[in-house]
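Please look over the structure below.

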Amino acid sequence: MNRRYDALVIGAGIVGAACALELAKAKMRVAVVEREGVGSGATAAAMGHIVVMADSEAQFLLTSYSQSLWAALSSELPASVECQRPGTIWIASDEEEMAEVVRKFEYYTAHGVPVEVLDAQALAEAEPNLRRPLAGGLRVASDMVLDPLRGAEYLLQTASVDLMPGQTVVTAGNGRIALQNGTELESPVIINATGAFAPALAPGIAIRKRKGHLVLTDRYPGFVRHQLVELGYLKSAHSSETDSVAFNIQPRKSGQLLIGSSRQFDVEDPGIDRGIVASMIERASLYMPEIAKLATQRVQCGFRAATPDKLPLIGPTEDPSIFLATGHEGLGITTSLATARLLADHILGRLSAIPIEPYLPSRFAFKICLQDLPSRMARSRKGDQR
Ligand SMILES: Cc1cc2nc3c(=O)[nH]c(=O)nc-3n(C[C@H](O)[C@H](O)[C@H](O)COP(=O)(O)OP(=O)(O)OC[C@H]3O[C@@H](n4cnc5c(N)ncnc54)[C@H](O)[C@@H]3O)c2cc1C
């Protein structure tokens, strides 16, 4: 096993996989250390909605940039990733939510995202299994869906990296990481991409676990045509403390349906909470009454990594060798590719398509550490040759 790399990535979720690929493309020698298997964390639990969101300008920039990177990659993705573009419909159940449809319509239109307002009739025609009447909705045609686990696997397969599954990192800092089996690896660039578990290796960072559940059904082709999300989802995603469920359904290429989702803070138990699952199905049935009759194939759950301002942590820390790529909450599948590109741009001193500043970890606790990375990497390579 090599002991010294140009970059070490801790965590082989979709974010770590994207970071590894981006750095490997820049000809860096990269190792990815993962305590379980590829995508075994939140990535395996996720829905894979590649969605443009606009709760803030910074969120819009990151999600729309990342969606454009996914769109550019989509023709290369193998069929197993099940990438498709059904678009999203944000559902308004009353006039108050219709006002939000109009607000979103204006924002997206002003920012060049093609959107369409649906009235009650157009919504019913677009999605015949929705209950009637509903007030209407907003269709965002460019949103995509994919299988996040297969996506992470694909990113790592195409990256020329040393993958070390089944290896837990116990400490990281000062240019080295220590594995539970006693091995030490060295690098001037160590990326903490451990999602909701990032504070274990970077104590004090502003991350809180936010558990979520999804239900995967048997095959019901044509039951749903778009990714459907109730507008109340935004309230649920924003509610800071209470447990919440919101209706969200996705058609998979296989004909299966993914029904979501829940949000719970401060739950450490990784197991399935039957009460929460029942609330999700009850909520979904309010929008699509037939859902109550569908057969469940499995329930999946995982921990989102939440930050106080709902933006991820991407960039350097006060330890010049440690970089963060975490805090993506419910948008890490969407924003993985942009996260990786921004971080690689920063590390390699390249110009970025969007500014990294809104996502820098230093906005909470750390001072930005703009050390001379290229020369540290050169020093590390020289050390390698000795
Ligand atoms: C129910 C649900 C639905 C979601 N739906 C969507 C969606 O539709 N669209 C979207 O964009 N996002 C969605 N998300 C969010 C998305 O899943 C996450 O933001 C994303 O998966 C984060 O990826 P990650 O690589 O940062 O973390 P993870 O996938 O959690 O990967 C972290 C990895 O680090 C490993 N690890 C941890 N500690 C160590 C250690 N000490 N040593 C070695 N390895 C370690 C873990 O085993 C894990 O594999 C959803 C999340 C949930 C829970």
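The shell around the ligand holds 15 nonpolar, 18 polar and four charged residues. Here Ala, Val, Leu, Ile, Met, Phe, Trp, Tyr, Cys and Pro count as nonpolar, Asp, Glu, Lys and Arg as charged, and the others, Gly among them, as polar. This is a predicted model: local features need pLDDT of at least 70, side-chain atom pairs count only at pLDDT 80 or more, and totals for chains, interfaces and linings use all residues. Residues are numbered from 1 along each chain as its sequence is written, and side-chain values use heavy atoms, with hydrogens and water left out.

**The ligand site**

Which residues come nearest to the ligand? Of the 37 residues around the ligand, they are Glu34, Thr43, His49, Glu329 and Thr334. A residue counts as near if one of its heavy atoms lies within 4 Å of the molecule. Several elements each supply at least two residues of the shell: α1 (14-25), β2 (30-34), α2 (42-45), β13 (208-219), β17 (296-306) and α9 (332-348). These names follow DSSP runs, numbered from the N terminus: helices (H or I) have at least four residues, strands (E) at least two.

| Ligand atom | Polar backbone atom of | Distance |
|---|---|---|
| nitrogen | Arg35 | 3.0 Å |
| oxygen | Gly48 | 3.2 Å |
| nitrogen | Gly330 | 3.0 Å |

On its own, the ligand has 1000 Å² of accessible area, and the protein covers 96% of this. Such areas come from the Shrake-Rupley method with a 1.4 Å probe; for residues, only the protein chains shown count as cover.

Two strands pair if DSSP finds at least two bridges between them. Axes are lines fitted to C-alpha atoms, for helices over the stretch in contact, and angles run from 0 to 180 degrees between N-to-C directions.

β18 pairs with β19 (residues 322-326) in the antiparallel sense, over four bridges. Phe323 in β19 is the bridge partner of Pro316.

**The three-stranded sheet**

Another open sheet has three strands in the order β9-β10-β11, with antiparallel pairing. β9 (169-173) and β11 (184-186) stand at its edges with a single partner strand each, so one side of each has no neighbour in the sheet. The twist averages 15° from one strand to the next. Strand β10 (residues 176-179) pairs with β11 over three bridges. Ile177 has Leu185 in β11 as its bridge partner.

**Backbone exceptions**

Most peptide bonds are trans, and most residues other than glycine have a negative phi. The bond from Arg132 to Pro133 is cis, with omega near -5°. Pro133 sits in the loop between α5 (120-126) and β6 (136-140). The bond from Gly260 to Ser261 is also cis, with omega near -20°. Ser261 lies in strand β16 (residues 256-265). Asp266 is not a glycine, yet has a positive phi of about 60°. Its place is the loop between β16 and α8 (274-287).

Terms used:
Polar contact = N/O pair within 3.5 Å; in protein donor to acceptor, adjacent residues only side chain to side chain.
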